[in-house]
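Dear colleague,

Here is the structure for your files, with the sequence alongside. My notes on the sheet and its helices follow below.

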Amino acid sequence: MRTVTEELTQEAARGFVLGQIREAIETELEGELPSFVTVERDGQGDIQAIRTHTEELNALRVRVLERLEERLNGNVTVTIPVGSLTGVALFNGRGFPVPLKLRLESSADLDFSTEFTSAGINQSCHRITMTVRVQAYSHSQRFPVHVAETSSTVLAETVLVGTVPETAVVKTG
């Protein structure tokens with residue numbers, strides 16, 4: 001295993017961490033999703049407010065972080081394609097996977113952000129994005145690893161349409 005370089009180990013661990021982030025998010029968003037926002041309207045149907053369901057977002061946050069804590073700490077097995085171990089560029093990334101055991105210690109953090117952007121004439125787009133950040137370490141003397149990855153997922157996107165004015169005043173000069 002002399003051909004297992006630090007770069008190969010780093011990339012294998014990076015792929016493992018990204019896969020675990022993706023899997024945690026996909027698993028928690030499977031099935032029927034709760035509504036993360038409600039658009040409130042007045043009696044004429046005009047939009048008055050957008051209400052974010054913080055309890056649903058916080059529950060999602062807890063579930064994703066618990067899943068990542070469970071999967072990214074302790075003994076894990078990452079794989080390196082056998083062709084990458086040969087040192088021949090033609091075989092790089094090819095062949096059967098060679099398992100490599102690592103003892104990972106990791107931490108994860110999850111934030112939500114919300115933004116309003118213009119979406120056209122008298123239209124706005126409201127978006128809620130979940131960002132997951134993971135730091136993972138393996139302090140093995142033979143296979144040291146430090147991985148820092150971030151992944152963002154749009155949870156809700158709502159286009160708000162207002163009434164379009166019948167006339168417009170344009171000032172020139």
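Contact here means heavy atoms within 4.5 Å. Helices (H or I, at least four residues) and strands (E, at least two) are DSSP runs numbered from the N terminus. Axes are lines fitted to C-alpha atoms, for helices over the stretch in contact, and angles run from 0 to 180 degrees between N-to-C directions.

The model is predicted, so local features need pLDDT of at least 70 and side-chain atom pairs count only at pLDDT 80 or more, while totals for chains, interfaces and linings use all residues. Residues are numbered from 1 along each chain as its sequence is written, and side-chain values use heavy atoms, with hydrogens and water left out.

The sheet is open and has four strands in the order E3-E4-E5-E6, with antiparallel pairing (two strands pair if DSSP finds at least two bridges between them). Strands E3 (74-81) and E6 (145-161) are at the edges, each pairing on one side only. From one strand to the next, the twist averages 40 degrees. Eight bridges join E3 to E4 (residues 97-120) in the antiparallel sense; glycine 74 stands opposite leucine 104 in E4.

Two helices lie across E3, E4, E5 and E6: H1 (residues 6-29), at about 30 degrees to E6, and H2 (residues 54-71), at about 160 degrees to E4.

Threonine 153 is in strand E6. Threonine 153 counts as buried because its relative accessibility is 18% (buried is under 20% relative accessible area, with a 1.4 Å probe and protein chains only). Beyond its neighbours within four places in sequence, threonine 153 contacts Ile25, Leu29, Ile128, Thr129 and Met130.

Regards

Technical notes: Buried < 20%, exposed > 50% of the residue type's maximum accessible area, 1.4 Å probe, protein only.
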